[in-house]
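User: I would like to know what stands behind the terms used for this model. Please go through them one at a time.

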Protein chains: 4
Amino acid sequence: MIAVLKKKATEPQKQHLIEWFEMKGLKVHVSEGEFNTVLGIIGDTTELDTDMIGLLDIVESVKRISEPYKSANRQFHPEDTSIKVQNAVIGDGSLTIMAGPCSVESEEQIMTIAKAVKAAGATMLRGGTFKPRTSPYAFQGMRAEGIRLLKQAGDSVGLPIVTEIMNADHLEYFEDVDIIQVGARNMQNFELLKALGKVNKPILIKRGMASTIKELLMSAEYVMAGGNEQVILCERGIRTFETATRNTFDLSAVPVLKKLTHLPIIVDPSHATGKHDLVPPMSLAGVACGADGLMIEVHNQPEKALSDGPQSLRPEEFEALMAKVIKVKEAIS
Amino acid sequence: MIAVLKKKATEPQKQHLIEWFEMKGLKVHVSEGEFNTVLGIIGDTTELDTDMIGLLDIVESVKRISEPYKSANRQFHPEDTSIKVQNAVIGDGSLTIMAGPCSVESEEQIMTIAKAVKAAGATMLRGGTFKPRTSPYAFQGMRAEGIRLLKQAGDSVGLPIVTEIMNADHLEYFEDVDIIQVGARNMQNFELLKALGKVNKPILIKRGMASTIKELLMSAEYVMAGGNEQVILCERGIRTFETATRNTFDLSAVPVLKKLTHLPIIVDPSHATGKHDLVPPMSLAGVACGADGLMIEVHNQPEKALSDGPQSLRPEEFEALMAKVIKVKEAIS
Amino acid sequence: MIAVLKKKATEPQKQHLIEWFEMKGLKVHVSEGEFNTVLGIIGDTTELDTDMIGLLDIVESVKRISEPYKSANRQFHPEDTSIKVQNAVIGDGSLTIMAGPCSVESEEQIMTIAKAVKAAGATMLRGGTFKPRTSPYAFQGMRAEGIRLLKQAGDSVGLPIVTEIMNADHLEYFEDVDIIQVGARNMQNFELLKALGKVNKPILIKRGMASTIKELLMSAEYVMAGGNEQVILCERGIRTFETATRNTFDLSAVPVLKKLTHLPIIVDPSHATGKHDLVPPMSLAGVACGADGLMIEVHNQPEKALSDGPQSLRPEEFEALMAKVIKVKEAIS
Amino acid sequence: MIAVLKKKATEPQKQHLIEWFEMKGLKVHVSEGEFNTVLGIIGDTTELDTDMIGLLDIVESVKRISEPYKSANRQFHPEDTSIKVQNAVIGDGSLTIMAGPCSVESEEQIMTIAKAVKAAGATMLRGGTFKPRTSPYAFQGMRAEGIRLLKQAGDSVGLPIVTEIMNADHLEYFEDVDIIQVGARNMQNFELLKALGKVNKPILIKRGMASTIKELLMSAEYVMAGGNEQVILCERGIRTFETATRNTFDLSAVPVLKKLTHLPIIVDPSHATGKHDLVPPMSLAGVACGADGLMIEVHNQPEKALSDGPQSLRPEEFEALMAKVIKVKEAIS
């Protein structure tokens, strides 16, 4: 960490700050310039709060040399992490395809879709059960019963299942879930992240709509700091002024994350764009820029879906997309 | 609600949609134009999901005439809501001043600050106890013990207390808390909002960094739909491309909210700007545009604060500000 | 256009508004609902200002059914527009590759790069000559002399040239330029757009950093309304809160634009990301989601470039990328 | 300027970079740390391009100690700049009120409004003559004839006039204009800024919708570097995801700018919010946080205005607002 002190900083003030760093077990290298004093702070600065130091009255600016995340940092863990779920692996160079409806609605619905996506090449079955909805009056999901139906459908076609958790209190219902998803709105629900750090299951964290790439990594760090290193990251669009798409799909996050972390990264074009006809081109783009997988909404009757139907692909559209996805994956391999 | 159908919509498709609305107890008024069919949907459309309807294949666009929030809507509740907390009232035309440290750090610290802010004119004592921190390695707050100290300090100077909750499981510790705050990162933690709908205490909801004004109202609606109508809204900055301030303080939200809702609105210049020297001018601006109150960080030793110190005012700065705040309030009354 | 009037609108006010529309040659279809009056305005509403109507005191909301752009609208021109420049064609299903340095710096530099990009498969030579720079103290480009050198280099390797114009007064220097580029900062320099509407050369318009997709189309419309229908659109990143990349590359704009307009669309990963190592993955993503071409910065000595060097690919990196680009293009064809 | 080099930087690479700085007349102070080498670059670094240096392969990060603007920098010019226009002064602690219609529409209209705003306390008359419009089909302003009418109206009531320029070619028509305005969309039209640097009139620069506060200062620097030091800055809203207001009014920019520069700062609540009922509260907020003045749209018949009518105040509303504005100004003085 480099801290540049203001010209007006007095000697006692400087000494005070240097001692504070030393008290925390860090070494400080002082470089007196013509205009400024520069402190080089050496050691494990992960737990220092840059913002706080930067706002001290005598500090001109402060800059981390190393990132504030340790467990998620590729620098300390150069090889890719791959995560095994039943007979599927995420992050080993293969392409993970999580497909299924936005919400589990009935046994028939989820069974029909499970068969269709399996046949078309999906490697995991996704489906919403506990649903975060902006309006208290909107459908809130089938909850525990939804998980039971999802599991049953996954088992019957041989696909691991992925579903979202909204509260640590619900963990008891997630015993049969293969991958627990943290939604965008809960990316900084730190109490939930801490609880998931104690769970022995892969956690898929979606990037918050107003969260930077570094904050996404800090949320992964919360889970990893608790002892659970099986974290999968997911880009699903950020909020900007553009209204032609529901969110702005920040695909550059994929190669940026690949540099910063060893964790697998998947992308979700369905939620990012909010429009089914944009899902195929943006899925191909996601694969082309190096994502480890896709999360795609598929519904047999999109017009009747209880939530987010119009962004869902029909099974036949999904099948057509999978054929192209495989070709693009080969093209970049 | 007005739904404009696409030219290509067939008669059976139109009938199907009209019946769907009617099934929900709504009346539909059809207007066939040269280029488009326009449906006027009449009745209580609060529970309809506009996004979903808008994305239907045959729908060109959909527009609510009435807003999707009922309890929070000024249209159905024209007079201002005022909320009584001990001997203080929020929203009755007076100015509520919530002041105190970002974090409760020790008995001595919170007692010192409580006395200072009371003397300077604060009407409530705020202090963080359960802290949402981006990094798992940062100070997480004194938690239950912090609440005990905050209560003791509030009682000793005669100020009601405000502190943030991060998880419904912690509610047992909040028995003595006068106003429960929901932080920006939890504004769409719907499970928490539902739990707070069952509590008989005022809830202060901070606007999320990427949340629209309407989404803030929908979060208030979650609490109110549960039966708790004592909700206070708080503008604390949104995330934009500008980096000169921590967030962009969206003060226009104050008059916009005043039109849309009857709930009291306060503003938090400390978190919005992140810089103590911007707090006084932006506090005055907040009062000038009609806010019902201010939430301001005050610390006796900002340079030693365990969190967010540099955005805190010293007691003497806070006192000087209060004098001006009163003058501006008078000027606009 | 649909205008929903407020409940409080009086009969004379309604009549006044209806007459105003009729005075503009439009037909108005009135539909009186229980709660609102809805006006369906029929005819060519291109020249109406929705914002203005929407803000009238008696208007609840207003919504265009048809878009405010005519010439650029795919609805009135369903087949793709393709633009011929010397022996290259843009928008005919082939892939256009515009490559070259951010700035033309010397005869030797541009000649070296021109040969390299031609050999690697570029179809056009790009190079900055009049440079828009944030700081008045930064290098402002070689200007007219730069164009002369660029043309000479293009001719010698057989590539058409593309360079940016900053002011209509400079048009005299652009006689030998094959495609005139309008930069992001000038996307709404309407006087410049009008002047380019009179020019008989293709105009490449880059999307402004804070411009919506619809505003980009309105800027195209400015040029086309002047009589010049040879317009190429370019996505180059928008400004958001994320700082890991220079801008946020909004690739979804490609399929969105493909639906709305018949004009060709290229993407510029060099300016969007600002980092050379992100250029290859994001170029592949751009091709995968259907862009008609790429604009890529290539420099033989990026570390010595007078502007934007570090986002430039070296010729050998560009060559390696071209091989993959071709494979991805085949994969989606 | 502080440049932190990467660990992997070789000695020859370091030497190469150090020599490059020295060649530019700067002194370099090298500090070798355990993990990094830090270069302190001393001298006038105004003309260095931080972005470019920061992206060099061997540079970890680069940070300016001094800002890249000189003439606009308060550090080198601590006292406030005040600008005299006829008998009005901007920036001397008084409040400047620029009021008038969005567009000059006719002699009668501008005369009526001029009298009304003068009577209510305006100190300058504003009016659009050359209009930047998103659509080529919208009203483009009365242009030269509009300036003539504006001047005549200003003279008759004794108010200096302010109007916007869109192109340096139009300068000949601006001879009688007292303050030339650069609109938000032209804030980075560098050719126009350069031309205005040669003019002997005050220039009012509006902040671009996607421009940072620092970029606004760099645009001021363009004009000042040309020799014209009479620059007035104007905050008028930035583009964010919030749609309840036309733009997000970033009032914190006022105190931020007051720290960074000695130039006067005014605010424009009419364009920032786009809604007339938000103009009064946000005007008061602007004054409360320290702005040197307001720019407010006033129209005698807002419903008939040819552009932006619905954000205009009626003369009587403007008069009522002025009374409160004066009280708030007194309250903070």
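Analyst: What follows sets each value against its definition.
This is a predicted model, in which local features need pLDDT of at least 70 and side-chain atom pairs count only at pLDDT 80 or more, while totals for chains, interfaces and linings use all residues. Residues are numbered from 1 along each chain as its sequence is written, chains are lettered from A and ligands numbered from 1 in the order in which they are written, and side-chain values use heavy atoms, with hydrogens and water left out.

User: What makes Glu215(D) and Arg239(C) a salt bridge?

Analyst: The rule asks for a side-chain nitrogen of Lys or Arg within 4 Å of a carboxyl oxygen of Asp or Glu. Between Arg239(C) and Glu215(D) the N to O distance is 2.7 Å, so the pair qualifies. Chain C and chain D have four salt bridges between them.

User: How many residues of chain C and chain D are in contact, and what area do the chains bury?

Analyst: Contact (heavy atoms within 4.5 Å) joins 49 residues of chain C to 50 of chain D. The two chains bury about 4300 Å², 54% of it on carbon and sulfur atoms; buried area is the accessible area (1.4 Å probe) lost on being put together, summed over both parts.
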